[in-house]
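User: Please examine the following structure with me. I shall ask about its rings, its packing and some individual residues.

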Amino acid sequence: MRVFLAGGTGVLGRRLVPQLLAAGHQVTATTTSPDKLPLLADLGAKGVVMDGLDAASVGEAVAFARPDTIVHQMTAISVAHAGKPDLKHPDRWFARTIRLRTEGTDNLLAAAEATDVPHIVAQSYASWNGIRRGGWVKTEDDPLDPETGSRARPGMEAIRYVEDAVVKAGGVALRYGAFYGPGAVDDQVELVRKRQFPLVGGGTGYSSWIHLDDAASATVLAVEQRATGVFNIVDDEPAPANQWLPHLAACAGARPPMRMPKWLARLLAGDAAVTMMTEGRGFSNAKAKRELGWELRHPSWRQGFERELKEARA
């Protein structure tokens, strides 16, 4: 199968290309920078420079690749694209990613229609952002939280947009949990080591995590099975911040995180950070296991953090 990977040099794209190739697929992967074309070549993909926000650029790249499937992994969350993390102003921090999930999605769908590409797989997000009512663990039947009245709302609206647009077109939206693995949590670990990543309130808010390699393997299955609809791509153990954050600190060789009251965290880090830490809802992966036949190599962040961070420190 010919796969067009939009966003091939991100932390997930770099793990996804080898898995697609190993499964026997041909991969054309995009980057926004000519300097990264050698990286894609080293991975074994045919590289192409593309601006996901330029409809003509997207159209030309897709027409050149003549793919059977498009995989939409375009984001701009890295420090190089978005600057240092700014939880207090996620609307600013994620501004380009929001556009890639709206305008960029439209550009890919238009290019798919113009070149008769029958299927698209798109990145969505499901870590702490389940609807804040009922239980602590949500399925695909539960809505995502719209974050009404919060600066996080534009980002949540963009997630809903990409899901609605891609599913309507007969594709699949993969709601990945919070990534960890090579290059994925470096910024967070640095903050943890500096004790600048506090535990807010009681730390009762849940999050779901996923190792990059498991996210990639689920994506390969979605490509090969021409999956449709929405799937939560998370590990087996959604957990509250008062469990995963101290464990992350211990695995990183750092002192335990400091504690911060909600009122102070809201002033310093904003509403979204407080919601994540105190009211967040995690997600279930039962549907992906059942319908895609997905098996995790890293079923829990507990062993995953330990393995990744201790290897990095060795």
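User: How many aromatic pairs does a search of the whole structure find?

Analyst: The model is a predicted one, in which local features need pLDDT of at least 70, side-chain atom pairs count only at pLDDT 80 or more, and totals for chains, interfaces and linings use all residues. Residues are numbered from 1 along each chain as its sequence is written, and side-chain values use heavy atoms, with hydrogens and water left out. Rings of Phe, Tyr and Trp (its six-membered ring) pair if their centres lie within 6.5 Å; planes under 30 degrees apart count as stacked, over 60 as edge-to-face and the rest as tilted. Over the whole structure, the number of aromatic pairs found is 8.

User: Is the pair of Tyr176 and Phe179 stacked or tilted?

Analyst: A pair of aromatic rings is described by the distance of the centres and the angle of the planes. For Tyr176 and Phe179 the centres are 5.4 Å apart and the planes lie at 50°. Because of these values, the pair of Tyr176 and Phe179 is tilted.

User: Are Tyr180 and Trp209 buried or exposed, and at what angle are their planes?

Analyst: Buried means under 20% relative accessible area, exposed over 50%, and partly exposed in between (1.4 Å probe, protein chains only). Tyr180 has a relative accessible area of 1% and is therefore buried; Trp209, at 3%, is buried as well. Their ring centres are 6.4 Å apart, and the pair is edge-to-face because the planes are at 65°.

User: In which strands do Tyr180 and Trp209 lie?

Analyst: Helices (H or I, at least four residues) and strands (E, at least two) are DSSP runs, numbered from the N terminus. The pair links distant parts of the chain, 29 residues apart. Tyr180 is in strand S8, and Trp209 is in strand S11 (residues 209-211).

User: Which residues have the most contacts inside the largest nonpolar core?

Analyst: A nonpolar core is a set of buried Ala, Val, Leu, Ile, Met, Phe, Trp, Tyr and Cys residues joined through side-chain atoms within 4.5 Å. The largest one has 35 residues. Those with the most contacts inside it are Trp209, Trp244, Leu245, Leu248, Met277 and Phe305.

User: Which element gives the largest share of this core?

Analyst: Elements that give two or more residues to this core include helix H7 (153-168), helix H10 (241-251) and helix H14 (301-313). The largest share, 6 residues, comes from H10.

User: With which residues is Trp244 in contact, leaving aside its neighbours within four places in sequence?

Analyst: Contact means heavy atoms within 4.5 Å. Trp244 belongs to one aromatic cluster with Tyr180, Phe197, Trp209, Trp301 and Phe305. With those sequence neighbours left aside, the contacts of Trp244 are Phe197, Ser207, Trp209, Ala239, Trp301 and Phe305.

User: Which ring does the charged end of Arg281 sit over?

Analyst: A charge sits over a ring if NZ of Lys or CZ of Arg is within 6 Å of the ring centre and within 35 degrees of the ring normal. For Arg281 the distance to the ring centre is 4.2 Å. The ring is that of Trp136.

User: Which side chain does a polar contact of 3.0 Å join to that of Asp145?

Analyst: Asp145 lies in the loop between strand S6 (137-138) and H7, and its 7% relative accessibility is why it counts as buried. A polar contact is a pair of N or O atoms within 3.5 Å; within protein, one must be able to donate a hydrogen and the other to accept it, and residues adjacent in sequence count only if both atoms are side-chain atoms. The side chain of Asp145 reaches the backbone nitrogen of Glu147 at 2.8 Å. The side chain joined to that of Asp145 at 3.0 Å is Arg132.
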